[in-house]
Amino acid sequence: MKHFLDITRETCPMTFVKVKLRLAKMQAGEQLEVLLNKGEPLENVPRSCEEQGYKVLSCEPTDNDQHMLLIEK
Amino acid sequence: MSKVAAVEKKKISIVCFSGEFDKMLAAYTIATGAAATNREVTMFFTFWGLNALKKERGRKSMGKDFLSRVFNWLMGGRNNLPLSRLNFGGASPKLMGGMMRKNNVAQLDELMQAASELGIRYFACEMSMHILGISKDDLIDDVQSVVGVATFLNESEDAHIIFI
């Protein structure tokens, strides 16, 4: 099952908080797509997910200067 | 370093002393950001910081003697936290809240809700609660224990301690 979360309108620290809380509610093996802005969220959300043992499957730029991150729990 | 030690979480302990609106926002921003990035977070509320944890969000007389009842009424709860600068009789926190909403920045209530969901530990200071006549029943349910400084320090072993 794939979940989706848009954090492009969030500011620090809710960017990290919303990703963390969503991942906590998911089952192991499920995937989460996160739409995020460049800068602080792009630099740190993927890294903190990896530090917590989640797999970052991809992180690709989208058309409008944002990025789509795919994480597997 | 053993394998077990290598995967241990980093720890942060935040002493919430001032109880001012902006400083409480800073404390909760650090706390929730740290918890969301896999750190173990403890918040220790003492003196004016306890006002943010009162169940009663407005002004309420509480305490066992006249002075503590006056103090608690004057200090109020979460809705009465003053701005550390340019408070203008309590008008500024409301203006600041409006500016935060306009810029889509998390409000104190939202950060406190996130702190609860992230499992941040709350300790309340026994000594200042005794002085101010506040009981554990006066505080929100997130408060795990009423403790002294020795317990706080034991629980903060190997943690970065931040005083706000």
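The model is predicted: local features need pLDDT of at least 70 and side-chain atom pairs count only at pLDDT 80 or more, while totals for chains, interfaces and linings use all residues. Residues are numbered from 1 along each chain as its sequence is written, with chains lettered from A and ligands numbered from 1 in the order in which they are written.

Chain B holds an open sheet of five strands in the order β4-β3-β2-β1-β5, with parallel pairing. Strands (E, at least two residues) and helices (H or I, at least four residues) are DSSP runs numbered from the N terminus, and two strands pair if DSSP finds at least two bridges between them. β4 (143-147) and β5 (159-163) of chain B are the edge strands, each pairing on one side only. From one strand to the next the twist averages 25°; axes are lines fitted to C-alpha atoms, for helices over the stretch in contact, and angles run from 0 to 180 degrees between N-to-C directions. Strands β1 (residues 10-16) and β2 (residues 39-45) of chain B run parallel and are joined by seven bridges. Ile14(B) has Met43(B) as its bridge partner in β2(B).

Helix α2 (residues 21-36) of chain B lies across β1, β2 and β5 of chain B. The table gives its angles to two elements.

| Element paired with α2(B) | Angle |
|---|---|
| α5(B), residues 108-117 | roughly 35° |

The axes of α2(B) and α5(B) come within 10 Å. Residues are in contact if their C-beta atoms, placed from the backbone, lie within 7 Å. Among the residues making the helix contact are Met24(B) and Tyr28(B) of α2(B) and Leu111(B) and Met112(B) of α5(B). The contact residues divide into nine nonpolar, two polar and no charged; Ala, Val, Leu, Ile, Met, Phe, Trp, Tyr, Cys and Pro count as nonpolar, Asp, Glu, Lys and Arg as charged, and the others, Gly among them, as polar.

The largest nonpolar core has 51 residues, of which Cys16(B), Met24(B), Tyr28(B), Ala31(B), Met43(B) and Phe45(B) touch the most other members. Such a core is a set of buried Ala, Val, Leu, Ile, Met, Phe, Trp, Tyr and Cys residues joined through C-beta atoms within 7 Å, where buried means that 20 or more other C-beta atoms lie within 10 Å of the residue's own. α2(B) gives the most to this core, nine residues.

Terms used. Contact = placed C-beta atoms within 7 Å. Buried ≥ 20, exposed ≤ 12 C-beta atoms within 10 Å, placed from the backbone.
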